[in-house]
Amino acid sequence: ASFLSSEVRLDQGDSDALDRLAERLGPTAEPNLRLVLEGLQLSSRWVRGDVDGVMAAFPAMEEALSGVGSAYIQHVALVGRANVCAIVGDVAGARWRLAEASELSPTTPAGDRPVDIAIALAQLRLAEGDADAAAVVVREAIASHGLDQGMARRMWRQNLGLSYVLVAETR
């Protein structure tokens, strides 16, 4: 419960809660949880504006992730890093991370791409300078998943600019 509470508090701007949790659990956490905590600490640093520090931490994090047995943890981490790379304009970095995340990603029962992959793809299309293609990706994801359902709702809220700016009917 502490983990989820800290993640919600990060979304509300309280990055210190995540740092306290990582300090408390990190030293004794099993390897997969330790990587999750390190990823959340990178999110905390991102929220604080430490863009260069987050980017510099990617190689070590990716090396550590290569030994993780959980495809889900690898998927989430790769999607997050693909988003960050696209946002800072590292198109090549975003592209290969998104490709790897997509390989690990489950599709929905209807065969649609998950919302997190769609958001990362839209960010990549924007980084490539193709706002029209990004809007198509966002529209398709909204049609498949909606904006206000389950886990997708949280992802859309964290990336509100994508739907708000690219898809006029969502305003």
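A residue is called buried when its relative accessible area is under 20% and exposed when that area is over 50%, with partly exposed lying in between. The model described here is predicted, and a search of the whole structure finds seven salt bridges, some of which are described below.

**Salt bridges around Glu128**
- Arg95 and Glu128 form a salt bridge in which the closest N and O atoms are 2.6 Å apart.
- Because Arg95 lies in helix 6 (residues 91-104) while Glu128 lies in the loop between helix 7 (115-127) and helix 8 (131-145), this pair ties together parts that are 33 residues apart in sequence.
- Arg95 has a relative accessibility of 43% and therefore counts as partly exposed, and Glu128, with a relative accessible area of 34%, is partly exposed.
- Glu128 also meets the side chain of Arg125 in a salt bridge (2.9 Å, N to O), and Arg125 is partly exposed with a relative accessible area of 25%.

**Other salt bridges**
- The side chains of Arg45 and Asp50 meet in a salt bridge at 3.0 Å, N to O; Arg45 is partly exposed at 30% relative accessible area, and Asp50 is partly exposed at 31%.

**A nonpolar surface patch**
- Leu160, Tyr164 and Val165 make a nonpolar surface patch of about 320 Å².
- Val165 is found in helix 10 (residues 160-166), and its relative accessibility of 56% is why Val165 counts as exposed.

Terms used:
Residues are numbered from 1 along each chain as its sequence is written. This is a predicted model: local features need pLDDT of at least 70, side-chain atom pairs count only at pLDDT 80 or more; totals for chains, interfaces and linings use all residues. Side-chain values use heavy atoms; hydrogens and water are left out. Patches are made of residues with over 30% relative accessible area and no salt bridge: like charges are joined within 9 Å, nonpolar side chains (Val, Leu, Ile, Met, Phe, Trp, Tyr) within 5 Å. Accessible areas come from the Shrake-Rupley method with a 1.4 Å probe; for residues, only the protein chains shown count as cover. A salt bridge is a side-chain nitrogen of Lys or Arg within 4 Å of a carboxyl oxygen of Asp or Glu. Helices (H or I, at least four residues) and strands (E, at least two) are DSSP runs, numbered from the N terminus. Buried means under 20% relative accessible area, exposed over 50%, partly exposed in between (1.4 Å probe, protein chains only).
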